[in-house]
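Please look over the structure below with its sequence at hand. The report then takes up selected sites in turn.

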Amino acid sequence: MLTSLAELLQRKASGPKLAVLTAYDYPTARMLDDAGVDLILVGDSLGMVVLGLPDTTGVTMDMMLHHSAAVCRGVKRTPVIADLPFASYRTSEAAVLNSRRLMDCGASAVKLEGGVSMIPQARAIIDAGIPFVGHIGMLPQSVKEEGGYKKKGKTNEQIDRLIADARALDAAGAVAMVLESIVPEVATQITDLVKASTIGIGAGSGTDGQVLVTPDLLGSFPWFRPPFAKPHADIAGETLRAVREYIAEVRG
Ligand code: KIV
């Protein structure tokens, strides 16, 4: 299990692959830490799977700070990556200021969405001494411009853009990058090209690690589950069962 981001290079070279999960609250973070995940992501998927928002664009800095602090309180060992939410990194100055606020909650690194177009922000964050994680491929914060969640890497133009994005983030000094919803062969190609650890979601098995939204793993958000997510539990079913049993017990 990973105890510091400094171990990422070694893990990329000799494995095992990184097992990464999201957390948004203290008890989940504490259990993930006890179970031995490599990295915990306070993702802005928070908006959908915890706060009932339609997408991630309604997630604010205040929400991310509130949940990042709770997660960091639950963790003894695991490095925590915190997402910079929508509109929190429009300028390099805003990116650094908001990254510092997340780091003050106890995060070990921050993540933002975008490649070549976000290099000024990525460089500013790294120059401020803050470990930085990129995120390319399908970008949930751009869902409105993109008109939906679409797989990337299906055309030569998309492949060229993804490779340019990955190379630019790597050259800027990203310690890792999330590859979301990318054609598996392209994700593997990027993994072989970059020094940073690649963490895939819906991008096949050729990346340096995998990340999953924890409610998708636990079956605790049954109303939507992406096709690539394999639930390992049925927490929603178990919750319904326990609550119905309690209702019956109280009513007699
Ligand atoms: O917000 C999130 O949970 C994420 C993962 C899907 C990688 O960014």
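## Basis

The structure is a predicted model.

## The ligand site

The ligand sits in the largest pocket. Around the ligand are 13 residues. Gly43, Asp44, Ser45, Asp83 and Lys111 are the closest of them.

In Ser45, a side-chain N or O atom is 2.5 Å from an oxygen atom of the ligand. For Lys111, the corresponding distance from a side-chain N or O atom to a ligand oxygen is 2.9 Å. Asp44 places a polar side-chain atom 3.0 Å from an oxygen atom of the ligand. On its own, the ligand has 260 Å² of accessible area, and the protein covers 96% of that.

## Ser45

Ser45 belongs to the loop that runs between β2 (39-42) and α3 (46-49). Is this residue, Ser45, buried or exposed? Ser45 has a relative accessible area of 14%, under the 20% cut-off, so Ser45 counts as buried.

Leaving out residues up to four places away in sequence, Ser45 touches Thr22, Tyr24, Val50, Thr56 and Val213.

## Thr78

Thr78 lies in another loop setting, between α4 (61-74) and β3 (80-83). Its relative accessibility is 4%, so Thr78 is buried by the 20% cut-off.

Which residues does Thr78 touch, not counting those up to four places away in sequence? They are Asp33, Val37, Asp38, Leu39 and Ile40. With Asp33, the contact is polar: side chain meets side chain at 2.4 Å. Thr78 and Ala29 are 49 residues apart in sequence, yet their C-alpha atoms are 9.1 Å apart in space.

## Helix α6

Helix α6 spans residues 119-127. Its buried residues are Ile119, Gln121, Ala122, Ala124 and Ile125. An α-helix has 3.6 residues a turn, so residues three or four places apart point the same way.

What covers the buried residues of α6? The cover includes two helices, α5 (92-104) and α8 (156-172). It also includes the strands β4 (109-111) and β5 (132-137). After α6 comes Gly129, with a positive phi near 85°.

## Backbone exceptions

Most residues other than glycine have a negative phi, and most peptide bonds are trans.

Gly15 and Pro16 are joined by a cis peptide bond, with omega about -5°. Pro16 sits in the loop between α1 (8-14) and β1 (18-22).

Ala87 is not a glycine, but its phi is positive, at about 65°. Ala87 is in the loop between β3 and α5. How accessible is Ala87, and what is its relative accessible area? Ala87 is partly exposed, because its value of 40% falls between the 20% and 50% cut-offs. Ser181 is also a residue other than glycine with a positive phi, near 50°. Ser181 lies in the loop between β6 (176-180) and α9 (184-193). Ser181 is buried, because its relative accessibility of 13% is under 20%.

Definitions and conventions:
Residues numbered from 1 in each chain as written. Predicted model: local features only at pLDDT ≥ 70, side-chain atom pairs only at ≥ 80, totals over all residues. Heavy atoms only, no water. Helix = DSSP H or I, 4+ residues; strand = E, 2+ residues; numbered from the N terminus. Buried < 20%, exposed > 50% of the residue type's maximum accessible area, 1.4 Å probe, protein only. Contact = heavy atoms within 4.5 Å. Near = heavy atom within 4 Å. Polar contact = N/O pair within 3.5 Å; in protein donor to acceptor, adjacent residues only side chain to side chain. Areas by Shrake-Rupley, 256 points an atom, 1.4 Å probe, with all protein chains shown as cover. 1 Å grid on protein atoms, 1.4 Å probe; cavity = no way out; pocket = protein on both sides within 12 Å on 5 of 7 lines; lining within 4 Å. Sits in = over half its atoms within 2 Å of the grid points.
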